[in-house]
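Open the model in your viewer and keep the selection tool at hand. The tour goes from one selection to the next.

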Amino acid sequence: MRYRLTFIAGLAIGYVFGTRAGRERYEQLRKGAQRIAQNPAVRNTAESAALGGRQAASRAFGTVSAKVSDRLPASVTDRVRSLREQRSNNEDDWGTSNT
């Protein structure tokens, strides 16, 4: 109960400060966030992180599937195999493109 009251008090304080700051401050924060998001260095870093994440997920998928494939029912392994064959070369293991 104490944590719930603390959370509700935090929400109330945040609401009060947010309404006092007003729309102008919101617009300033929004424009600042857009500038950061459109920065080429930030975009390149985000793309590199996404690519690294895809590669790590692909390696993990391969490792896990190699270790548990003999323990799964045949229907499941057949379904996974058919899904892998349907996937084109420009998609990763999650079905998203690598662009």
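**The largest pocket**

The largest pocket has a volume of about 230 Å³. A pocket is an open set of points on a 1 Å grid over the protein atoms alone, where a 1.4 Å probe fits, with protein on both sides within 12 Å along at least five of seven lines. This is a predicted model: local features need pLDDT of at least 70, side-chain atom pairs count only at pLDDT 80 or more, and totals for chains, interfaces and linings use all residues. Residues are numbered from 1 along each chain as its sequence is written, and side-chain values use heavy atoms, with hydrogens and water left out.

Select the lining (residues with an atom within 4 Å of a point): Phe61, Val64, Ser65, Val68, Ser69, Leu72, Thr77, Val80, Arg81 and Arg84. Five of these residues are nonpolar, three polar and two charged. Helix H2 (40-68) and helix H3 (74-86) each supply at least two of the lining residues.

**The nonpolar patch**

Next select Val64, Val68, Leu72, Val76 and Val80, a nonpolar surface patch with about 340 Å² of accessible area together. Patch residues have over 30% relative accessible area and no salt bridge, and nonpolar side chains are joined within 5 Å. Val80 lies in helix H3 and is partly exposed because its relative accessibility is 34% (buried is under 20%, exposed over 50%, partly exposed in between).

**The salt bridge**

Last, select Arg30 and Glu27, whose side chains meet in a salt bridge (2.7 Å, N to O). The term means a side-chain nitrogen of Lys or Arg within 4 Å of a carboxyl oxygen of Asp or Glu. Both residues lie in helix H1 (residues 2-38), three residues apart. Arg30 is partly exposed at 32%, whereas Glu27 is buried at 19%.

Definitions and conventions
Grid points are joined across faces, edges and corners, and a volume is the space filled by probe spheres set on the points. Helices (H or I, at least four residues) and strands (E, at least two) are DSSP runs, numbered from the N terminus. Ala, Val, Leu, Ile, Met, Phe, Trp, Tyr, Cys and Pro count as nonpolar, Asp, Glu, Lys and Arg as charged, and the others, Gly among them, as polar. Patches are made of residues with over 30% relative accessible area and no salt bridge: like charges are joined within 9 Å, nonpolar side chains (Val, Leu, Ile, Met, Phe, Trp, Tyr) within 5 Å. Accessible areas come from the Shrake-Rupley method with a 1.4 Å probe; for residues, only the protein chains shown count as cover. Buried means under 20% relative accessible area, exposed over 50%, partly exposed in between (1.4 Å probe, protein chains only).
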